[in-house]
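Biologist: Could you take me through this model, starting with how its strands are arranged?

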Amino acid sequence: MSEVVVDRQVALAAEALPAQADLEAWVEAVLARQPDETRHELTIRFVDAEESQALNRDYRGRDKSTNVLSFPFEGPPGIELPLLGDLVICHPVVVREAREQDKSTPAHYAHMVIHGTLHLLGHDHIDDDEAEIMEALEREILASLGIADPYLTPSPPHRDTDNEDERADA
């Protein structure tokens, strides 16, 4: 397989974003299970909630920020390029979801990159059968990286609703 190439773009001021090596390792773990795949280049862009919301609204008709958006590359007919596409990951949403699901932020980021990369490869979760296949792949890939099943979320800790943290997304 060709070397994975990730164009890492950071469009917000944030700490704890995944390192280049982590992104490459996560994408490599997906592509290792796709032996016939010749596309191995993608862009991963980290954005704030506003950019995520605008893209989600404009491309999916959903006027809210979301964890990851996948934009598969569609080249001109007859032109073969090694480009998979683009992932746009909303840092505040990923951090909030990790906290809410009692997961580490790096583990949740790994899941979002793997999930998004599978979308770039044509996997989806629109119907139950597709969802089962995609989630099984995610579990297998994450387990190979030593990351727990993301769909077995522990119960959130009990919180006193009068003292709920009311800050905006982290």
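Modeller: Let me begin with a definition: two strands pair if DSSP finds at least two bridges between them. This is a predicted model. Seven bridges join β2 to β4, and these two strands run parallel.

Biologist: Which residue of β4 is the bridge partner of threonine 43?

Modeller: The partner of threonine 43 is aspartate 86.

Biologist: What is the order of the strands in the sheet?

Modeller: The order is β1-β2-β4-β3, in an open sheet of four strands with mixed pairing. The edge strands are β1, residues 5–10, and β3, residues 68–72; each pairs on one side only. From one strand to the next, the twist averages 15°.

Biologist: And which strands does helix α2 lie across?

Modeller: Helix α2, residues 49–60, lies across β2, β3 and β4, and runs at about 50° to β3. Helix α4 also lies across β2, β3 and β4, running at about 145° to β4.

Biologist: Let us change topic. How many residues are in the largest nonpolar core?

Modeller: That core has 32 residues, and those with the most contacts inside it are Val27, Leu42, Ile44, Phe46 and Ile89. The elements that give two or more residues to it are α1, β2, β4, α4 and α5.

Biologist: Which element gives the most?

Modeller: Helix α4 does, with eight residues. There is also a second, separate core of seven residues, which includes Val47, Leu69, Val88 and Val93.

Biologist: Going back to valine 27, what is it in contact with?

Modeller: Leaving aside neighbours within four places in sequence, valine 27 is in contact with Val4, Val6, Leu42, Ile44, Val113 and Thr117.

Biologist: How many aromatic pairs does the structure hold?

Modeller: It holds two. In one of them, phenylalanine 46 and tyrosine 109 are edge-to-face, at 5.6 Å centre to centre with 80° between the planes. This pair links distant parts of the chain, since phenylalanine 46 is in strand β2 and tyrosine 109 is in helix α4, 63 residues apart.

Biologist: Is phenylalanine 46 buried or exposed?

Modeller: Phenylalanine 46 counts as buried because its relative accessibility is 0%. Tyrosine 109 counts as buried too, at 0%.

Biologist: Why is the pair of tyrosine 59 and phenylalanine 71 edge-to-face?

Modeller: Their planes are at 80°, so the pair is edge-to-face, and the ring centres lie 5.2 Å apart. Tyrosine 59 belongs to helix α2 and phenylalanine 71 to strand β3, twelve residues apart. Tyrosine 59 counts as exposed, at 59% relative accessibility, whereas phenylalanine 71 is partly exposed, with a relative accessible area of 23%.

Notes. Residues are numbered from 1 along each chain as its sequence is written. This is a predicted model: local features need pLDDT of at least 70, side-chain atom pairs count only at pLDDT 80 or more; totals for chains, interfaces and linings use all residues. Side-chain values use heavy atoms; hydrogens and water are left out. A nonpolar core is a set of buried Ala, Val, Leu, Ile, Met, Phe, Trp, Tyr and Cys residues joined through side-chain atoms within 4.5 Å. Buried means under 20% relative accessible area, exposed over 50%, partly exposed in between (1.4 Å probe, protein chains only). Contact means heavy atoms within 4.5 Å. Axes are lines fitted to C-alpha atoms, for helices over the stretch in contact, and angles run from 0 to 180 degrees between N-to-C directions. Rings of Phe, Tyr and Trp (its six-membered ring) pair if their centres lie within 6.5 Å; planes under 30 degrees apart count as stacked, over 60 as edge-to-face and the rest as tilted.
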